[in-house]
Amino acid sequence: MKGLLVQFLRSLAESLRDLAPILGVIGLFQVVVLGQPLPDPGDLLWGTALVVLGLSLFVQGLKLGLFPLGETMAWDFARKGSLMWLFLFVFALGFSATMAEPALMAVAQKAAAVAAAGNLIEPSPATQADYARGLRYTIALSVGCALVIGVLRILRGWPVQYLIIGAYIGVVGMTALAPPEIIGIAYDSGGVTTSTITVPLVAALGVGLASSIEGRNALTDGFGLIAFAALTPIIFVLGYGMLR
Amino acid sequence: MLSLALSLGQMLLDTAGNVLPIIGVLVGFQVLVLRRPIPQVGRVVFGFVLVVVGLAFFMEGLERALFPLGDMMASQLTAPAFLGLAPTDTAALQDWRSYGWVYCFAFTIGFTTTVAEPALIAVALKANQVAGGSIGTWGLRITVAIGVAVGVSLGSFRIITGTPLHYYIIPGYCLVLIQTWFAPRAIVALAYDSGGVTTSTVTVPLVTALGLGLSSQIPGRNPVFDGFGLIAFASLFPIMTVMGYAQLTEWYTRRARART
């Protein structure tokens, strides 16, 4: 119990150190460059305390819960030896995590507004909501597929760059064909799909799988899942923009 | 005080709602497919509770303190009054040289938010553990942060000049491919991953606010069309810096070895 407390205090100090630069930059710009006082310092102080506390709890929780669980599940799947279930598992994981991603909901709504402004769809709320929902399903589907292909890569031991080069060619080819309004959103959607909870889980899963298979290196083979999950949505969203 | 507790509770519910499907998939497969007990169930459950509570606190704090400030600063830094220009002076407002402080802000905010990004911390911890300590957590985080900083500054420059996004991204891809050819094999997968990881909870809202602020202030730019794309920059450039860092280290060690 005492060890846990010491550990927690240490991670509290680490979080404070991680966040201090942001506060420094914002404070400096606000006071020195813009020449304005900090608005509502009380709220600012409260918020900062919450952020520091939250970050340390999060990192502690990762080490206790998400990391070990991701790894043991990877080991168990490898021992079970059923590819079908492993693929189904990573697909479900990618799909459900992406559908629940709040950043994605915001981006999908903006994308619908862009499409309406560009006269791609009717500018009525119903069609826009429909478009946004379709977009979210598309992206979630693409993340699920990306994880399946990424896991297949780990199992087979293909070098990661072949898949990435293939995806890049896909993105470049689709960019030439897609309507210009969708391009900015498509490129951004790749970055937002990989959320704070999915990333640690997927990283633990990939590393666990790679280290449970004979002849795979945890560093060269275990990483790369997230990269793939960040690239395929670009292709799928460009495709969605072309079809609509 | 009461409002704080209320909005904190709301945030806790939202976060739990976002995490629930993931937990459902994990538990479902563990119980129905793997049919194995989770080792140290109590510890894992406690860890999950910490993750959810931590994330909720973190987001609530950000929304209370940092995001409003970031929003306000993004619009203040791009306002004609701050730039010392007349709002009607379209030519000067469209000139990229008028926005020195914006690049400065973009660089520093990109760097500092990435250092604090929880997902990046997680990947850095994992990489450090896997590589047996040869990849320092700080080394990786700083390298990625430099990449994001350069990416966001260049992305702001693109919004100000109004060039199409793919004129930057496609050459960027080519550069990544060339670097892949020469970079040490072990780093390639991690470098690609660090691109996707950088842009989550902290970076996305602040960077998006900057993009929207810029594109709505500059005459001739439309926030709907030009406001996007900063995140794409922020997830491309870390790939280059991480591979570049590995290449530099390799080059140094080779040179040091050649000398002896």
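The questions below move from confidence, through the annotated spans, to one pair of helices.

Student: In chain A, in which helix is confidence highest?

Tutor: This is a predicted model, and chain A averages a pLDDT of 82, with 96% of the residues scoring at least 70. Confidence is lowest in helix α4 (residues 102–117) of chain A, at a mean of 73. The highest confidence, at 88, belongs to α5(A).

Student: How far apart are the end C-alpha atoms of residues 162–186 of chain A?

Tutor: The UniProt annotation "transmembrane region", from an unreviewed entry, includes residues 162–186 of chain A among its spans. This span is 92% helix and 0% strand. Its end C-alpha atoms lie apart by 22 Å.

Student: Are α5(A) and α8(A) roughly parallel or roughly antiparallel to each other?

Tutor: The axes of helix α5 (residues 125–156) of chain A and helix α8 (residues 198–212) of chain A come within 10 Å, and they cross at roughly 25°. The crossing of this pair is right-handed. Angles under 35 degrees count as roughly parallel, and therefore α5(A) and α8(A) are described as roughly parallel.

Student: How many residues of the contact of α5(A) with α8(A) are nonpolar?

Tutor: On the α5(A) side the contact is made by L147(A), V151(A) and I154(A), which meet V202(A), G206(A), L209(A) and A210(A) in α8(A). Among these residues one is polar and none is charged, and the number that are nonpolar is six.

Note on methods. Residues numbered from 1 in each chain as written. Chains lettered and ligands numbered in written order. Predicted model: local features only at pLDDT ≥ 70, side-chain atom pairs only at ≥ 80, totals over all residues. UniProt positions renumbered as here; feature names shortened; annotations may be inferred. Helix = DSSP H or I, 4+ residues; strand = E, 2+ residues; numbered from the N terminus. Axes fitted to C-alpha atoms, helices over the stretch in contact; angles between N-to-C directions. Parallel < 35°, antiparallel > 145°, perpendicular 65-115°, else oblique. Left-handed = near helix turned anticlockwise from the far one by under 90°. Contact = placed C-beta atoms within 7 Å. Nonpolar A, V, L, I, M, F, W, Y, C, P; charged D, E, K, R; others polar. pLDDT = per-residue confidence, 0-100.
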